[in-house]
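Let's look at how two chains meet, one question at a time. Have the structure open while you read.

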Amino acid sequence: MSKRLSAEERRDSIIEVAKRLFAEKGFHGVSIDEIVKQVGVSPSILYRHFSSKEALYEAVLHEFSATRESYVETVVDDDTCFETVLRGMTRVFVNSIVSQPELLKMEMHSQLEGNSAAQDFFINRWKSFTDYIEYNLAELQNQGKIKPVNVQAAALIYQGMVRELLLLKCLQKTDRLNNKSIDELVDQMISLFMQMIY
Amino acid sequence: MSFDAELDAKGLNCPLPILRAKKAIAALNPGQVLKIVATDPGSVKDFEAFCKQTGNELVSSAEAGGAFEFMIKKS
């Protein structure tokens, strides 16, 4: 006899399937019919939990927000120099995304689809980096410790390098740099970035 | 509640508010209080973890009008 799922378990199972399908096909590529078929429930059960496909998509994003990275560990150490903290934060971030590649896939789809709720969500996740880089580069620049640089452009360029590493390690089925771990590539990237600004 | 220094971290995502608070606390004497105002919802959990790890006391943590206010007493 199959076990009847509680309302909460049912809701979780819908979110799990929706997460996988939105990651593979994007928001527009998935229909409610396809989701309910894969979960094995009727559309009315899905609508009991989520009023629309948009509401379900936002619930998936909300699930991801619970996995937002904490960088406290990386900043409580005595060594809070720019490079050390940036390396610590980047390692936390890339390892978090590597462990949940659906997040990166949904982000890529949202970029093409122009889904503003999703774009805000993902921009906010990257903002931990851009805020940190912009603030610290401005401070280092005021102290005359680095070359003059547009701090916002530098932060965006750093974000782009991190994203490319994630695309390589999470999405692309290629041999390129497959002898290098993501942590090794992060170290390489930080070293290049430091050469650029100092 | 009275405080000895104030940090405005509105509009900034963690860990920058934590890092700036850490620097501000370093400039205080033991027993003095730093008030921090932040808007990142992640700051609530992060300041709790920060105080636990550094031994400073999180005297209060409150939300008002979309902002979060923390009072931290230096140990």
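Q: How many residues of chain B are in contact with chain A?
A: Keep in mind that this is a predicted model. Contact here goes by C-beta atoms within 7 Å. On the chain A side there are 15 residues in contact, and the number for chain B is 15.

Q: Which element gives the largest share of the side of chain B that touches chain A?
A: Two elements of chain B give two or more residues to that side, namely α1 and α2. The largest share is seven residues, and it comes from α2(B).

Q: Which elements of chain A do the buried residues of α1(B) pack against?
A: Helix α1 of chain B covers residues 16-26, and its buried residues include L16(B), I18(B) and I25(B). Within chain B, the buried residues of α1(B) pack against β1, β2, α2 and β4. From chain A, their partners are α5 (72-76) and α8 (116-142).

Q: Leaving aside its neighbours within four places in sequence, which residues is I18(B) in contact with?
A: I18(B) is one of the residues that touch the most other members of the largest nonpolar core, which has 53 residues. Its contacts come from both chains: V72(A), V75(A), D46(B) and F50(B).

Q: Where does this core lie relative to domain 1 and domain 2 of chain A?
A: The largest share of the core, six residues, comes from helix α9 of chain A. Domain 1 (7-64) and domain 2 (69-197) both give residues to the core, so the core lies between them.

How values were computed: Residues are numbered from 1 along each chain as its sequence is written. Chains are lettered from A and ligands numbered from 1 in the order in which they are written. This is a predicted model: local features need pLDDT of at least 70, side-chain atom pairs count only at pLDDT 80 or more; totals for chains, interfaces and linings use all residues. A residue is buried if 20 or more other C-beta atoms lie within 10 Å of its own, exposed if 12 or fewer, and partly exposed in between; C-beta atoms are placed from the backbone. Helices (H or I, at least four residues) and strands (E, at least two) are DSSP runs, numbered from the N terminus. Two residues are in contact if their C-beta atoms, placed from the backbone, lie within 7 Å. A nonpolar core is a set of buried Ala, Val, Leu, Ile, Met, Phe, Trp, Tyr and Cys residues joined through C-beta atoms within 7 Å. Domain bounds come from an automatic or database domain assignment.
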